[in-house]
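Here's a quick briefing for anyone meeting this structure for the first time.

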Amino acid sequence: HTYATMPTALSQFLLQQIPPFKCSYVTGVASKTGAKVNGCLIYSPLTPMHFLELDRKFLLNHMIEASEIAKDLGAKIIGLGAYTAFVGKRGLNIASAMNMPVTTGTSYTIATALKALEEAAKLSGLDIRKSAITIVGATGSIGRVCAKLLCPKVAKLILVARNAKRLQDLVGVLQLQYSKTKICATNDLNKALSLSQLVLMSTNT
């Protein structure tokens, strides 16, 4: 109750003072081959707002501190989730500082995003093969791959991003590979949304 009624600025400041810590031990993860793996979940008290507004160096040091906890617990690989995946050149700086492999879970995000899109189409009674789909943040690492995977499956793809040159370059590459799909690009989000039946968001904005 106290935290819920606290002014946002104060709660953000207090959370910023708390270091990362181990919150649980994960077991029971097994692959189809039967191989099993255990791990630790390291909790960062920082909120998405912190990751968007705080100094990059502070965030990098915070993530290195979290990684050191994992390494001391025996971790052989660091997995960055949610907003932590965008710290330090998508984990490259953390990998260098820790001298151990770091993954951001991008492939998993792409797989779940496309699955969610298919489920949304099904629940809405839409045939994804005949639909116009907008991808917001199309030139990012996740949006770009989603665009490539959706191209052969949809009637029309509308790509939205802020960098016009990168956007046009992506359209050119996709159009060469998938000539049957209508592909267009725009910086006008409202226009893109008005022309599409389904939307895939791939942006932190």
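A residue counts as buried under 20% relative accessible area, exposed over 50%, and partly exposed in between (1.4 Å probe, protein chains only). This is a predicted model, where local features need pLDDT of at least 70, side-chain atom pairs count only at pLDDT 80 or more, and totals for chains, interfaces and linings use all residues. Residues are numbered from 1 along each chain as its sequence is written, and side-chain values use heavy atoms, with hydrogens and water left out.

**A spot on helix α6**
- V145 sits in helix α6 (residues 141-150); helices here are DSSP runs (H or I, at least four residues), numbered from the N terminus.
- V145 is partly exposed, at 34% relative accessible area.
- From V145 to T106 it's 9.9 Å in space, C-alpha to C-alpha, with the two 39 residues apart in sequence.

**Salt bridges**
- Side chains of opposite charge can pair when their charged atoms come close.
- The count is 2 salt bridges, each being a side-chain nitrogen of Lys or Arg within 4 Å of a carboxyl oxygen of Asp or Glu.
- One of them joins D127 to R129, at 3.1 Å from N to O.
- In that pair, D127 is partly exposed at 27%, while R129 is exposed at 60%.
- D169 and K165 also pair up, at 3.0 Å from N to O.
- D169 and K165 lie 4 residues apart in helix α7 (residues 164-177), so about one helical turn separates them.
- D169 is partly exposed at 39%, and K165 is exposed at 60%.

Key: Helix = DSSP H or I, 4+ residues; strand = E, 2+ residues; numbered from the N terminus.
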